[in-house]
Amino acid sequence: MVKLIEKGVYFKDGKLIRAKTPDLTAKKGTMAYKILSAHNHSGDDKKLNIKFDEITSHDITYVGIIQTAKASGLEKFPIPYTLTNCHNSLCAVGGTINEDDHVFGLSATKKYGGAFVPPHLAVIHQYMREMRAYCGSMILGSDSHTRYGALGTMAVGEGGPELVKQLLGRTYDLDMPEIVAVNLKGRLRKGVGPHDVALALVKATFKSGFVKNRVLEFVGNGIKTLSMDFRNGIDVMTTETTCLSSIWVTDQKTQKYYEQHGRVGAYKEMNPENGAYYDRGIVIDLSKIEPMIALPFHPSNAYTIKDFLSRPYELLKQAEEAGAKLLPQGKGEFKLTDKIKDGKVYVEQGVIAGCAGGMYENIAEASEILGETPINNNDFTLDVYPSSQPVYKGLVDGGYVGKLMQNGAVIKTAFCGPCFGAGDVPQNNGLSIRHTTRNFESREGSKPANGQLSAVALMDARSIAATAKNGGAITSAMELEYSNKIKKYRFDTKIYRARVFNAVGNANDKENLVYGPNIADWPKMEGLKDNLLLKVVSVLNDPVTTTDELIPSGETSSYRSNPLKLAEFALSRKDPEYVGRAKAVRDGGFPLELGFDQSKTSYGSVVCSIKPGDGSAREQAASCQRVLGGVANVAKEYATKRYRSNLINWGMLPFLSDNNDFNVGDYIYVENVKDGVLSGAKEVKAKVIGKNSRDITLKIDALTDAEKQIIVKGCLINYYKG
């Protein structure tokens, strides 16, 4: 289904041709290179200083971003900034605090000149597709699934501090990334959806890091066979490959999409030059893609449904064993193999939602598959969340909502909760199948520390509907006869005109920000002294540590406007003792008995791990450590650029170590660390003091001049204050 080409390739006459030698001149013929160069302000295409055309955030992230920018001197939004409300929109946790954040967001758009999309109107990425993306542009979002490549927009998901930089007229700095051609060929079979293509791509690329921090450029004749909903559905999932961004060729279907949404001028034809050079290549034969299922606990843990159903006990047992490791010893158990009954695998819940699943065609075709069959199994539920009110209305007008409701499906409003654990939490030991973006451990809302654990498997909406039709028994949509001809979607522009507040370019400094009682300023953070003393407060030996494990999603999201309260949840599902240990370091005073000069030595805690930072762009995975007194991470590698950037922007040193042989309670002393950072040292000598005292070498990947200063100053806020 998916073929990887590790060495350089040319895209010529619709085919990928292996290159004998790299041709960097021909690389300039790629769409990605042209867009990046057009947005670069460094004068050097090898070292990029990018200024984005627009930025966007949702209600988990925008309060912290605006508070940080305000503390750094923000006067008005210099570029269009869209605030959406699709994560904390239930307003069900912590009293008034969620709606207080929304009121703050609206007041900020009035004061600084932005756009505000009220709760339940649209999920962030659907609104940006419909109303803000345009060909050749670049958009930065404080959400990891910021991907609008299918619409000719290079979009990047990053932590909040990177958006702060854009608000303050600064740049997003990186080396020119490698560009990977993704050649789509063939035609999908009926019953196969965009999630099936995406999961096949993620499975092929994630574990090896084949496209990590690279740009995916989608080309090939197979693209013309895909609708825009299909393209968007594949594109949004490229985040799970750990790529930096994506871009697709544009064509008449792209043009019609923009026309349909009242934005004719947003379109232009985009293609790579014939013979453009790419650093790597991927070939996806759409005709060979089958319905897929990604088992717990990662989108890359994917199999064809056919393969899964041929050996369900073996594969569910593996997931069961992985889940059991999450539970504290003696507290609860995790069971999945009991889903197998009479040769079938039954699940308790199906969900079609969000920026990946909640699009018009996914839901309409799911309705056609379900047909006139009611969901008669009371042990199975089907919930559907259209991705925007215009999509919802289109489904109502087409008769699809009525048909789904008559068959027992529950239709809800635009909300991202099922993707990050704030909606439709299954029962303990439950298994939910979802057309959403992620199925990380505890992502669906479970609390292993309390002995509560459930799980999610990812599937396309079509096979979820087939499963619903089959009474909750996992079923491939390719097994059913149905009509995949759906009614044409008509976008209603009046919906957004009636509700979206748009003051882009019209700041009013007389407006006041409206603060609720939970919205708090960032605590003071100290700069880096000459030397550094670290105390190890957590050692994580999992192959990968996700941002969900560093700071859980779900109900904790409501506290993200209050740094001190949110920090109480840090690592709570992975290392429940972490917060107490970190506070003891922060509040316990300098360990003078070690004999180091306190006046010249910064002291704080450190988390040591193998590969932290996979998943969400949320800056709080780093800022919560900082609030608790963290001053560094030590890792064998960092899973994503954005997590490493988050550490740096919060004044934390991103150390690298070949080994993770540290113990909780160890001290790590780094002499002359400040000089090392400022001089661009790639390595620093350190001493471990503890059970196994020894000398070690810590590595630091290259830092930009600005990043050096941010670390030395103590955080981004201090850096901009001067």
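The model is a predicted one, so please read every value below as computed from predicted coordinates.

**Salt bridges**

Let us begin with charge pairing. Side chains of opposite charge can pair when their charged atoms come close. A search of the whole structure finds 32 salt bridges.

| Salt bridge | N to O distance |
|---|---|
| Arg311 and Asp307 | 2.9 Å |
| Asp383 and Lys412 | 3.3 Å |
| Glu568 and Lys583 | 2.5 Å |

In the bridge between Asp383 and Lys412, Asp383 sits in strand S21 (residues 381–384), while Lys412 belongs to the loop between strand S22 (410–411) and helix H16 (417–420), so the contact ties together parts that are 29 residues apart in sequence. How does the surface exposure of these two partners work out? Asp383 has a relative accessible area of 6% and is therefore buried, since the cut-off for buried is under 20%. Lys412, with a relative accessible area of 28%, is partly exposed.

Next comes the salt bridge of Glu568 with Lys583, whose closest N and O atoms are 2.5 Å apart. This pair links distant parts of the chain, 15 residues apart: Glu568 is in the loop between helix H20 (563–567) and helix H21 (578–587), and Lys583 is in helix H21 itself. Glu568 has 39% relative accessibility and so counts as partly exposed. Lys583 is partly exposed as well, with a relative accessible area of 24%. Elsewhere, salt bridges that share partners connect Glu441, Asp542, Glu549 and Lys574 into one network.

For the bridge between Arg311 and Asp307, the accessibility values are 27% for Arg311, which is partly exposed, and 25% for Asp307, which also counts as partly exposed.

**A positive surface patch**

Some charged residues form a patch instead. Lys3, Lys7, Lys15, Arg18, Lys185 and Lys288 make up a positive surface patch. One of these residues, Arg18, is located in strand S3 (residues 15–18). Is Arg18 buried or exposed? Its relative accessibility is 54%, so Arg18 counts as exposed.

**Aromatic contacts**

A pair of aromatic rings is described by the distance of the centres and the angle of the planes. The structure holds 20 aromatic pairs. In the pair formed by Phe218 and Trp248, the ring centres are 4.2 Å apart and the planes meet at 10°, so the pair is stacked. The two residues come from distant parts of the chain, 30 residues apart, with Phe218 in strand S12 (residues 215–219) and Trp248 in strand S13 (residues 245–248). Both Phe218 and Trp248 are buried. Separately, one aromatic cluster is formed by Phe77, Tyr81 and Tyr112.

**An enclosed helix**

Why is helix H23 (residues 641–649) described as largely enclosed by the rest of the structure? Nine of its nine residues are buried, which is the reason for that description. After H23 comes Gly651, which has a positive phi near 75°.

**Backbone details worth a look**

Positive phi values also turn up in residues other than glycine. His120 is one of them, with phi near 75°. His120 is placed in the loop between strand S7 (115–117) and helix H5 (124–131), and is partly exposed, with a relative accessible area of 27%. Leu571 is another, with phi near 55°. Leu571 is part of the loop between H20 and H21, and its 1% relative accessibility means that Leu571 counts as buried.

Finally, which two residues are joined by a cis peptide bond? They are Pro296 and Phe297, with omega about 15°. Phe297 lies in the loop that runs between strand S16 (292–294) and strand S17 (302–304).

Methods
Residues are numbered from 1 along each chain as its sequence is written. This is a predicted model: local features need pLDDT of at least 70, side-chain atom pairs count only at pLDDT 80 or more; totals for chains, interfaces and linings use all residues. Side-chain values use heavy atoms; hydrogens and water are left out. Patches are made of residues with over 30% relative accessible area and no salt bridge: like charges are joined within 9 Å, nonpolar side chains (Val, Leu, Ile, Met, Phe, Trp, Tyr) within 5 Å. Accessible areas come from the Shrake-Rupley method with a 1.4 Å probe; for residues, only the protein chains shown count as cover. A salt bridge is a side-chain nitrogen of Lys or Arg within 4 Å of a carboxyl oxygen of Asp or Glu. Lys and Arg count as positive and Asp and Glu as negative; His and the chain ends are not counted. The place of a charge is taken as NZ of Lys, CZ of Arg, CG of Asp or CD of Glu. Helices (H or I, at least four residues) and strands (E, at least two) are DSSP runs, numbered from the N terminus. Buried means under 20% relative accessible area, exposed over 50%, partly exposed in between (1.4 Å probe, protein chains only). Rings of Phe, Tyr and Trp (its six-membered ring) pair if their centres lie within 6.5 Å; planes under 30 degrees apart count as stacked, over 60 as edge-to-face and the rest as tilted.
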